[in-house]
Amino acid sequence: VKEIVPLFSEYNIKTLEYGNVLFYIGDYKFEITTFRKELNYKNNRKPVEIVYIDNLRDDLLRRDFTINSICLDKDNNVIDLLDGKKDLKKKVIRTIGDANERLKEDALRILRAIRFATVLRFKLDNDLKNAIIENKDLLRNLSYERKKEELTKIFASENKKIGVKFLKELGLLDVLELKNIDNVLLTKDLIAMWATITDTY
């Protein structure tokens, strides 16, 4: 952070958790995250111990999915150290490293994986599918607010039927307390849509 902030001193900079720096240029919001390792997590969601580093590969290894590990350098050259481009071409969502470990670190990745697969019309890697089924109860540890944010993005997608299919096939309805998913109103009116599913969220 100490190295990043002086580079953008002419802008109104806000430092966030975990070495993140936020600032605006016109109507555009930029968030820069310091390279880091995350050593321990709490409640299957947030890191409680981080170490700042200066190695891109080590930073990428802590992230969620291979398609989110593709980078550009200052000359617009693509840096793809973890085969993200290959998975983009194959249209598959795959975790970086062991799928079970990634989901136990942050259970919200379960819904993020489904959201990406829904919006992009991608497949879920088989190891990721199995890990979601095995770790689905971790979703109970997350706040309704965070779960609703991801679910709303799924249901707001023009491919929402794909998302509903994933939720059913992976056995997530009970843990998410989605009681009437078969009657979900596939509409742009999200309030009406939520009313058809559950009174919990």
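## Two packed helices

Helix α6 (residues 144–156) packs against helix α7 (residues 160–169) at an angle of about 130°, and their axes lie 7 Å apart. That makes α6 oblique to α7. Leu151, Ile154, Phe155 and Ala156 are the α6 residues at this contact. They meet Lys160, Gly163, Val164 and Leu167 in α7. The model is predicted.

## Salt bridges

The whole structure holds twelve salt bridges. One of them involves α6. Glutamate 150 pairs with arginine 115, at 2.8 Å from N to O. This pair links distant parts of the chain: glutamate 150 is in helix α6, arginine 115 is in helix α4 (residues 108–120), and 35 residues separate them. Glutamate 150 counts as buried because its relative accessibility is 4%, under the 20% cut-off. Arginine 115 is buried too, at 14%. Elsewhere, salt bridges with shared partners join Asp59, Arg62 and Arg63 into one network.

Glutamate 105 and arginine 102 form another bridge, with their closest N and O atoms 2.7 Å apart. Both lie in helix α3 (residues 99–105), three residues apart, about one turn of the helix.

Aspartate 87 is buried, at 3% relative accessibility. Arginine 94 is partly exposed, at 24%.

## A nonpolar surface patch

Ile25, Tyr28 and Phe30 form a nonpolar patch on the surface. Together they have about 310 Å² of accessible area. Phenylalanine 30 sits in strand β3 (residues 28–33). Its relative accessible area is 37%, so phenylalanine 30 is partly exposed.

Methods
Residues are numbered from 1 along each chain as its sequence is written. This is a predicted model: local features need pLDDT of at least 70, side-chain atom pairs count only at pLDDT 80 or more; totals for chains, interfaces and linings use all residues. Side-chain values use heavy atoms; hydrogens and water are left out. Patches are made of residues with over 30% relative accessible area and no salt bridge: like charges are joined within 9 Å, nonpolar side chains (Val, Leu, Ile, Met, Phe, Trp, Tyr) within 5 Å. Accessible areas come from the Shrake-Rupley method with a 1.4 Å probe; for residues, only the protein chains shown count as cover. A salt bridge is a side-chain nitrogen of Lys or Arg within 4 Å of a carboxyl oxygen of Asp or Glu. Helices (H or I, at least four residues) and strands (E, at least two) are DSSP runs, numbered from the N terminus. Buried means under 20% relative accessible area, exposed over 50%, partly exposed in between (1.4 Å probe, protein chains only). Axes are lines fitted to C-alpha atoms, for helices over the stretch in contact, and angles run from 0 to 180 degrees between N-to-C directions. Angles under 35 degrees count as roughly parallel, over 145 as roughly antiparallel, 65 to 115 as roughly perpendicular and the rest as oblique. Contact means heavy atoms within 4.5 Å.
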